[in-house]
Amino acid sequence: MSLLTVTDLTVAFGDQVVVDHVSFAIDTGERIAIIGESGSGKTITALSIIGLAPDTATVTGSIVFEGTELIGRTDRQLSKTRGEDIAMVFQNPLTSLNPLMRVGKQIAEPLRRHHGMSRSAARTAAIELCQRVGLPEPERIVRSYPHQMSGGQRQRVGMAMALACRPALLIADEPTTALDVTVQAEVLTVLADLVQQESTALLFITHDVALVPIVADRLLVMRQGRVVESGSAADLIASPTHEYTTSLLAAARKTAL
Ligand SMILES: Nc1ncnc2c1ncn2[C@@H]1O[C@H](COP(=O)(O)OP(=O)(O)OP(=O)(O)O)[C@@H](O)[C@H]1O
Ligand SMILES: [Mg+2]
């Protein structure tokens, strides 16, 4: 049995269908990327998995995580799954970080809430997590506020927070888009190493195909709400079969020049 099985996921806003019978599965520890142009339904797919699609959306189909159907669960039922079993890293870490709270406390908070850790144990764990995501001087970092850090450092904190409770699945939606190109690769390499060490499954969303080989083994290509192609990331990038994938790759190569 897969860790996550999405079957015929369909999301509509009124009569506008933005995710159209999307099906895929992720095994324990497997790393999958979704690519596709802006508006193809990547983010809505990810948000639907953790029950955070907008209230105005109609979500149908099936999302089974560790044997449990998630569609139709209430917010309250999902709140335990969220953060503890499935965690998410967003494009802009400032939206997930509290500007008024020291980052150490923010990393420690889910450990206290979900794992019942003592304050000092959670603080020690937060320092260790900062070290693991490659933050310099972790003792100092945990006492900082988000605005005192660089964008790359904040995204590393976002990753530390997401991975604190050792979720089985991490969803990362364009986690490095806001960063410089060189910092992007560094942060993604750290992410790839961490999920590998912890056997965390990863759903990585990007519109930048050049980033896919750093973190993912398998690739889904979305267009206008549908999965148009899927397979091994290396194979698809070397020899795409769908015309749309070919054009995405050509566009990516052009920008790289
Ligand atoms: N709250 C909303 N109300 C109505 N339509 C929405 C809403 N959120 C998203 N959409 C529509 O759903 C479609 C898919 O959006 P989504 O955010 O999933 O795209 P995406 O593939 O993540 O794009 P990007 O690469 O720009 O992040 C788009 O056509 C978008 O306009
Ligand atoms: Mg998006």
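1. Two strands are taken to pair if DSSP finds at least two bridges between them; helices (H or I, at least four residues) and strands (E, at least two) are DSSP runs, numbered from the N terminus. In strand 9, Arg-218 is the bridge partner of Ile-32. Strand 3 (residues 31-35) pairs with strand 9 in the parallel sense, over four bridges.

2. The model is predicted: local features need pLDDT of at least 70, side-chain atom pairs count only at pLDDT 80 or more, and totals for chains, interfaces and linings use all residues. Residues are numbered from 1 along each chain as its sequence is written, while chains are lettered from A and ligands numbered from 1 in the order in which they are written.

3. Strand 9 also runs antiparallel to strand 10 (residues 226-232), joined by six bridges; Met-222 has Val-227 in strand 10 as its bridge partner. The two strands form a hairpin with two residues between them, and Gln-224 in the turn has a positive phi of about 45 degrees.

4. Five of the six residues of strand 9 (residues 218-223) are buried, that is, 20 or more other C-beta atoms, placed from the backbone, lie within 10 Å of their own. Across the protein, buried residues make up 42% of the 257 residues.

5. Overall, the protein has eleven helices and ten strands. Its C-alpha atoms fill a box of roughly 55 × 45 × 35 Å, taken along the principal axes.

6. Around ligand 1 there are 13 residues, the closest being Val-18, Ser-38, Lys-42, Thr-43 and Ile-44 (near: C-beta atom, placed from the backbone, within 6 Å). Helix 1 (residues 42-49) contributes the largest share of this shell, three residues.

How values were computed: A residue is buried if 20 or more other C-beta atoms lie within 10 Å of its own, exposed if 12 or fewer, and partly exposed in between; C-beta atoms are placed from the backbone.
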